Amino acid sequence: MKHAILNTKLFLMALVAVFALSCSAEDGSDGAPGEQGPAGTDGINVADGNANVQVLTYDISTESGTFHEQNVPEITQDVLDNDVILGYVKSANVFFPLPAVEDPDIIDFNISVAILEGFYIMDFVQNDGTSYNLTAGDLQALKVIIIESSSTMEGRFASPGNSSKENVLLELEHANVDITNYHDVMAYYGLKQK
C-alpha cells in the first residue's frame, strides 16, 4: 500500500512538472501594436528643492517652564536609526545649534536635548546644573532639520566602514559646512532661510 501511495505521489509530481515546463510565454504570437498616444504637455517649472532634507519649524515663543517637549511625528525609528537630525533655536533673531551652551550676549542658560521617536525634547539648565525657568519670549522658534541618509550613499566621501549618518556628516565636513551654523546648512542644501 505504501508503495502505491508513493508511486501515485511521484506520478502526480512528474505530471505537474511536465505541464509546468511545456507552457511558456514564448509559445503564443504577439498581438498587433496599439495606436500611438498623444504627446504629453510640458511641465511647469518650479523652484528647485531638496527631497532629501526636511526643515520643520515650530513657533515656541509662548513656551515657558523648565523643558519643552515638541511633538515631531517625522522623527520615526527609521529616521533615528539612519538619518541626521539637527536642531536650532532662535533667540533675539539669532539661530543657536542644539544642544546650546550659554552665550551671555544672547541666552543665559544651556539647552540639553533628547530626541525620541516622535519627539524633540529640550531641557533648560543653568550653568550650576539647576533647572532654568524659561519665560515666554526667551525663544522664538525651534527648527528641526532631518537630512535623509542612505546605506547606498555613493558620495565622494562615503566610506563602507561608516554608517549612513557618518557619511552625511563627513560630506558636510569636506564641503566646509559648519553644522553648528544654521545658515551654512540651509545654504548648502539650497533651502530658504527664514
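## How confident is the model?

A score called pLDDT gives the predictor's confidence in each residue, on a scale from 0 to 100. This is a predicted model, in which local features need pLDDT of at least 70 and side-chain atom pairs count only at pLDDT 80 or more, while totals for chains, interfaces and linings use all residues. Residues are numbered from 1 along each chain as its sequence is written, and side-chain values use heavy atoms, with hydrogens and water left out.

The average pLDDT of the chain is 78, and 67% of the residues score at least 70. Where is confidence lowest, and where highest? Helix α1 (residues 2-22) has the lowest mean, 48, whereas strand β2 (residues 67-71) has the highest, 97. Where pLDDT is low, the predicted coordinates should not be read in detail.

## The overall plan

Four helices and seven strands make up the secondary structure of the chain. Here helices (H or I, at least four residues) and strands (E, at least two) are DSSP runs, numbered from the N terminus.

The chain has 194 residues, of which 27% count as buried (under 20% relative accessible area, with a 1.4 Å probe and protein chains only). If you take contacts between residues at least 6 apart in sequence, 59% of them join residues at least 24 apart.

## A three-stranded sheet

An open sheet holds three strands in the order β2-β6-β5, with antiparallel pairing. Strands β2 and β5 (110-116) stand at the edges with a single partner strand each, so one side of each has no neighbour in the sheet. From one strand to the next, the twist averages 15°.

Two strands count as paired if DSSP finds at least two bridges between them. Seven bridges link β5 with the antiparallel strand β6 (residues 119-125). Among the residues involved, Ile-115 has Tyr-120 in β6 as its bridge partner.

## A hairpin to look for

Which strand pairs with β3 (residues 84-91) over five bridges? That partner is β4 (residues 94-98), in the antiparallel sense. Lys-90 has Phe-95 in β4 as its bridge partner. Two residues lie between the strands of this hairpin, and Ala-92 takes a positive phi near 50°.

Key:
Buried < 20%, exposed > 50% of the residue type's maximum accessible area, 1.4 Å probe, protein only. Contact = heavy atoms within 4.5 Å. Axes fitted to C-alpha atoms, helices over the stretch in contact; angles between N-to-C directions.
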